[in-house]
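Have a look at the model first, then read on.

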Amino acid sequence: MRSVLERMARAGHPPLYTRTPQDARTAYAAGADVLEIPKPVLPRVEDFSIPARDGHPLPARLYAPSPQDAGPLPVLLYTHGGGFTIGSIATHDILCRELARLAGCMVVSLDYRLAPEHRFPTATNDAWDALAWLHANAAGLGADPARIAVGGDSAGGTLATVSAILARDAGLPLVLQLLIYPGCAAHQDTPSHTRFASGLVLDEPAITWFFGQYVTTREQREDWRFAPLHADDVEGVAPVWMGLAECDPLVDEGVDYADKLRAAGVAVDLEIYRGVTHEFIKMGRAIPEARQAHADAARALRNAFQLE
């Protein structure tokens, strides 16, 4: 991990938070797969769109480890990370392919709308609209509506947690939340935010910049749809597999959310990967812990989907 950080520093690229949102998206996309594992080849990869509540077509990509006529597959709806501002289906293509391959399930990756063009709560609404649509239309995709999971990394993990609460309230059954270093808190005030504020992949200026694109008032920051730790009640939400990075500003709030879930009687499988930073899940070429996290996440999916 230290070697990766040193190489990033030597590259000398301007930090994302010093760029315009569009330039930041371009720069992130250019480097998104540099440290990824080789791209897995799957028998079925299809692009399509999902209608949002306002009629906007949300791009989505379906990954499946078997042809459509092979029978219904369980499905994971995946929302990418990027501080609600950067990231896309393309930047998380390899990760979604690998989860589909290892877990033996379908993955649907969603391009929700990004800030600052689309501020809070658009991303939350898009993620929930996609989940509701997927549940209603699973059969047409070759998916099993009785075996749906939600997942995501970083801001995408936040969206997955919120979708899981909304699913509980709507009576929509989910079998798992797959949360990779999710954002859970309203303010950057835990000890890990101080301890890991600078010098790592995600630092304090970047977090402040990302969130400033998406939430513009204190009331929005403290809305549980941005900060799931503020949710009044998480009893009865889907079980959780959570993978956190030890050297990450978000690690403490991830643990806090796991504690909140456990206190409400929700089953939580929590893994903290030692010595790695935010974004490590996409560094499988360089970081063995990334490949371990892929395997652990896939095992959690297989267990939840009763594929073992």
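A residue counts as buried when its relative accessible area is under 20%. Keep that cut-off in mind while you explore this structure, which is a predicted model.

- In strand β4 (residues 106–110), 5 of the 5 residues are buried, so the strand is largely enclosed by the rest of the structure.
- Met 106, Val 108 and Leu 110 point one way from β4, while Val 107 and Ser 109 point the other way, and all are buried.

**Who pairs with β4**
- Strand β2 (residues 57–64) runs antiparallel to β4, and 4 bridges join the two.
- If you look for Ala 60, you'll find it opposite Leu 110 in β4.
- Strand β3 (residues 73–79) pairs with β4 too, but in the parallel sense, over 5 bridges.
- Here Tyr 78 has Ser 109 in β4 as its bridge partner.
- β3, helix α3 (residues 93–103) and β4 together make a right-handed β-α-β unit.

**The largest pocket**
- Now for some open space: the largest pocket has a volume of about 1,300 Å³.
- It is lined by 44 residues, and the closest to its centre are Met 8, Leu 16, Tyr 28, Val 201 and Glu 279.
- The elements giving two or more residues to this lining are α1 (2–11), α2 (21–31), α5 (155–170) and α7 (204–214).
- Helix α1 gives the most to the lining, with 6 residues.
- Sorted by class, the lining of the largest pocket has 27 nonpolar, 10 polar and 7 charged residues.

Note on methods:
Residues are numbered from 1 along each chain as its sequence is written. This is a predicted model: local features need pLDDT of at least 70, side-chain atom pairs count only at pLDDT 80 or more; totals for chains, interfaces and linings use all residues. Side-chain values use heavy atoms; hydrogens and water are left out. Buried means under 20% relative accessible area, exposed over 50%, partly exposed in between (1.4 Å probe, protein chains only). Two strands pair if DSSP finds at least two bridges between them. A crossover is right-handed if, with the strands pointing away from the viewer, the path from the first strand over the helix to the second runs clockwise. On a 1 Å grid over the protein atoms alone, a cavity is a set of points where a 1.4 Å probe fits but cannot get out, and a pocket is an open set with protein on both sides within 12 Å along at least five of seven lines; lining residues have an atom within 4 Å of a point. Grid points are joined across faces, edges and corners, and a volume is the space filled by probe spheres set on the points. Ala, Val, Leu, Ile, Met, Phe, Trp, Tyr, Cys and Pro count as nonpolar, Asp, Glu, Lys and Arg as charged, and the others, Gly among them, as polar.
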